[in-house]
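Work through the exercises below with the structure open. Try each task before reading its solution.

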Amino acid sequence: MGRICALRGRGRSEQRVRIGNIVISTKDNVASAGSAVRAKDSTDPLGVSSEIGRKLKQYYDELVSDDVPDRFAQLLSQLEAAEMARKED
Amino acid sequence: MAVTPEFKRDLLATIPSLRAFAVSLTQNSDKADDLVQETLVKAWDKHASFQMGTNLKAWLFTILRNEFYSQMRKRGREVQDSEGVMTERLAVHPSQHGKLDLADFRGALEQLPEDQREAIILIGASGFSYEEAAEICNCAVGTIKSRVSRARTRLQDILKISGEADYGPDAISSQVMGSNAA
């Protein structure tokens, strides 16, 4: 069986994995993922550079962080109990 | 097939997002919580049709949205204006130094038609992709893109924001519309 070893390129984020005679490099993937992130930041019409995008997130985050009333956990427990009861019939 | 503990746990974990989406749709926290309750009951009943490993949040948002529109139809779409929300908040005063007050923003959001409001919430706040949002709203990806674009333009008009940051509205809408072709 081929040996598996990892090589780290000096001074860059490339990672190469050698399996037998085959070397797999992560360099290309890393580079393209990085540029995809940058492209999203600069062209996203609702991104961080947009006042509307920021307000939208602020509005929504405030709603998400609202305390959840107990009624929902109780509801799920009731549904679960009802299901158990059905199974025992 | 019985509901698994994982499914129940994941349902619980999604409740804060469901409530946020429900408030965005209904503009009313009591109605929103009733909607979330209906959604949870429906999701529980239909759990067998959920495919494990797919996006539970998107599945639940779809149920919630369908429930919202079916309730609206039953009530003859009188929901929004019945409490005078629209008329009362039509006037939004220009903000100082371009800094937007959150209450002003909420008021502006309420003035959007439902289809535009839900699109901009799904894309700009709930973290869904255009493809996921299209699936949730049962429409084409291009439709979501144009609704987001119109919602954004409308919000800018209402809030009197011009020349957003480095990117003008024209450049952005053409970018959004341009990518429709893809």
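This is a predicted model: local features need pLDDT of at least 70, side-chain atom pairs count only at pLDDT 80 or more; totals for chains, interfaces and linings use all residues.

**Exercise 1. Find the stretches of chain A where pLDDT stays under 50.**

Step 1. Take residues 26-42 of chain A. Their pLDDT stays under 50, and the model has 5 contacts for them beyond four places in sequence.

Step 2. Go to residues 1-14 of chain A. Here too pLDDT stays under 50, with 16 contacts beyond four places in sequence.

Step 3. Helix α1 (residues 27-43) of chain A has the lowest confidence, at a mean of 43. The highest belongs to α2(A), at 94.

Step 4. Look at the chain as a whole. The average pLDDT of chain A is 68, and 46% of the residues score at least 70.

**Exercise 2. Repeat the check for chain B: what is its average pLDDT, and where is confidence lowest?**

Step 1. Chain B averages 82, with 75% of the residues at 70 or above.

Step 2. Confidence in chain B is lowest in α4(B), at a mean of 44. It is highest in helix α7 (residues 130-136) of chain B, at 97.

Step 3. Check residues 165-175 of chain B. The pLDDT is below 50 there, and the stretch has 14 contacts in the model beyond near neighbours in sequence.

Step 4. Residues 177-182 of chain B also fall below 50, with 5 such contacts.

Step 5. For the complex, the predictor gives an ipTM of 0.77 and a pTM of 0.70.

**Exercise 3. Describe the side of chain A that touches chain B. Which helix gives the most residues?**

Step 1. Count both sides. In chain A, 26 residues are in contact with 38 residues of chain B.

Step 2. Locate the elements. α2 (51-64) and α3 (71-88) of chain A each supply at least two residues of this side.

Step 3. Pick the main contributor. α2(A) gives the most, with 11 residues.

Step 4. Sort by class. This side of chain A has 15 nonpolar, 5 polar and 6 charged residues.

Step 5. Now examine α3(A) by itself. The helix is hardly covered: among its 18 residues, the count of buried ones is 1.

Step 6. Test its length. At 1.5 Å a residue, α3(A) should span 26 Å, and its end C-alpha atoms are 26 Å apart, so the two agree.

**Exercise 4. How do α6(B) and α8(B) cross, and which residues meet?**

Step 1. Two packed helices are described by the angle between their axes and the distance between the axes.

Step 2. Apply this to helix α6 (residues 114-124) and helix α8 (residues 141-159) of chain B. Their axes come within 8 Å and cross at roughly 100°. An angle of 65 to 115 degrees counts as roughly perpendicular, so α6(B) is roughly perpendicular to α8(B).

Step 3. List the partners. α6(B) brings residues including Ala119(B), Ile120(B) and Ile123(B). α8(B) answers with residues including Ile144(B), Val148(B) and Ala151(B).

Step 4. Divide the contact residues by class: 6 are nonpolar, 1 is polar and 6 are charged.

Step 5. Follow α8(B) along its length. Its 19 residues reach 27 Å from first C-alpha to last, close to the 27 Å expected at 1.5 Å a residue. Among its buried residues are Ile144(B), Arg147(B), Val148(B) and Leu155(B).

Step 6. Lys160(B) follows α8(B) and has a positive phi, near 55°.

Technical notes:
Residues are numbered from 1 along each chain as its sequence is written. Chains are lettered from A and ligands numbered from 1 in the order in which they are written. Two residues are in contact if their C-beta atoms, placed from the backbone, lie within 7 Å. Helices (H or I, at least four residues) and strands (E, at least two) are DSSP runs, numbered from the N terminus. Ala, Val, Leu, Ile, Met, Phe, Trp, Tyr, Cys and Pro count as nonpolar, Asp, Glu, Lys and Arg as charged, and the others, Gly among them, as polar. Axes are lines fitted to C-alpha atoms, for helices over the stretch in contact, and angles run from 0 to 180 degrees between N-to-C directions. Angles under 35 degrees count as roughly parallel, over 145 as roughly antiparallel, 65 to 115 as roughly perpendicular and the rest as oblique. pLDDT is the predictor's confidence in each residue, from 0 to 100. The expected span of a helix is 1.5 Å times one less than its number of residues. A residue is buried if 20 or more other C-beta atoms lie within 10 Å of its own, exposed if 12 or fewer, and partly exposed in between; C-beta atoms are placed from the backbone.
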